[in-house]
Amino acid sequence: MLLNILIVLMAFVTVVSVVRLVSEVRSSFVRDRYNSMEYSLHDGDYGDMVYHYYYWHYDVDPFSTPSEEEYHVAAYADAAFRHQLFEAAGDGEMADRCLRQMAQAREGTGSLSVSADEVDRILEGIPLYR
């Protein structure tokens with residue numbers, strides 16, 4: 001009788017453990033458990049947004065998530081940063097390519113176009129050294 005109770009108890013513990021294991025494995029494949037890009041956007045940390053854009057979402061096209069506008073802001077910031085770099089380096093062809101990417105990304109920013117304007121203001125303060 002005691003062994004039967006122990007077997008049932010161990011079976012119950014095993015089922016609970018397997019359910020937790022499956023839950024943890026499934027949650028590890030969720031791309032965005034919390035929206036770190038939203039936190040970066042609120043902090044004005046556009047460099048961090050670009051990092052998260054490439055780390056988590058660079059292969060998402062079109063942006064089919066609830067944070068679509070944030071991804072476009074990150075894409076805009078990335079293209080703007082690279083435009084500044086190529087402009088300073090004197091590579092007009094790549095700078096023009098980045099300008100086209102900026103225009104395309106700005107179209108998707110929607111209500112967050114203010115953030116794209118802020119990226120432009122940040123980059124205006126950086127002098128171009130040649």
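The protein has six helices and zero strands. Helices (H or I, at least four residues) and strands (E, at least two) are DSSP runs, numbered from the N terminus. Three salt bridges are present. Residues are numbered from 1 along each chain as its sequence is written. In this predicted model, local features need pLDDT of at least 70, side-chain atom pairs count only at pLDDT 80 or more, and totals for chains, interfaces and linings use all residues, while side-chain values use heavy atoms, with hydrogens and water left out.

**Overall build**

- Along the sequence the pattern reads α-α-α-α-α-α.
- Of the 130 residues, 30% are buried. Buried means under 20% relative accessible area, exposed means over 50%, and partly exposed lies in between (1.4 Å probe, protein chains only).
- Take the contacts between residues at least 6 apart in sequence: 61% of them join residues at least 24 apart. A contact means heavy atoms within 4.5 Å.
- The protein exposes about 9100 Å², and carbon and sulfur atoms supply 60% of that area. Areas come from the Shrake-Rupley method with a 1.4 Å probe; for residues, only the protein chains shown count as cover.

- A salt bridge is a side-chain nitrogen of Lys or Arg within 4 Å of a carboxyl oxygen of Asp or Glu.
- Asp-78 pairs with Arg-82 in this way, with 3.4 Å between the closest N and O atoms.
- Both residues belong to helix α4 (residues 68-89). They sit four residues apart, about one turn of the helix.
- Asp-78 is buried, at 9% relative accessible area. Arg-82 is partly exposed, at 25%.

- Arg-106, Asp-117 and Asp-120 are linked in a network of salt bridges.
- Arg-106 bridges to Asp-117 at 3.0 Å, N to O. Arg-106 is in helix α5 (residues 92-107) and Asp-117 is in helix α6 (residues 113-124), so this pair ties together parts 11 residues apart in sequence.
- Arg-106 also bridges to Asp-120, at 2.8 Å, N to O. Asp-120 lies in α6 and Arg-106 in α5, so this pair ties together parts 14 residues apart in sequence.
- Arg-106 is partly exposed, with 27% relative accessibility. Asp-117 is partly exposed at 31%. Asp-120 is partly exposed at 22%.

- Helix α2 (residues 36-43) has the buried residues Ser-36, Met-37, Ser-40 and Leu-41. Viewed down the axis of α2, its buried residues fall within an arc of 140°, so they line one face of the helix. The arc is taken over the directions from the helix axis to the C-beta atoms.
- Cover for the buried residues of α2 includes α3 (46-56), α4 and α6.
- Tyr-39, His-42 and Asp-43 are exposed, on the face of α2 turned away from its buried side.

**His-83 in α4**

- His-83 is placed in helix α4.
- This histidine counts as buried, at 15% relative accessibility.
- Setting aside neighbours within four places in sequence, His-83 is in contact with Ala-95, Cys-98, Leu-99 and Met-102.

**Thr-109 in the α5-α6 loop**

- Thr-109 sits in the loop between α5 and α6.
- The relative accessible area of Thr-109 is 0%, and the residue is buried.
- Setting aside neighbours within four places in sequence, Thr-109 is in contact with Glu-69, His-72 and Val-73.
- A polar atom of the Thr-109 side chain lies 2.8 Å from the backbone oxygen of Arg-106.

Notes
Polar contact = N/O pair within 3.5 Å; in protein donor to acceptor, adjacent residues only side chain to side chain.
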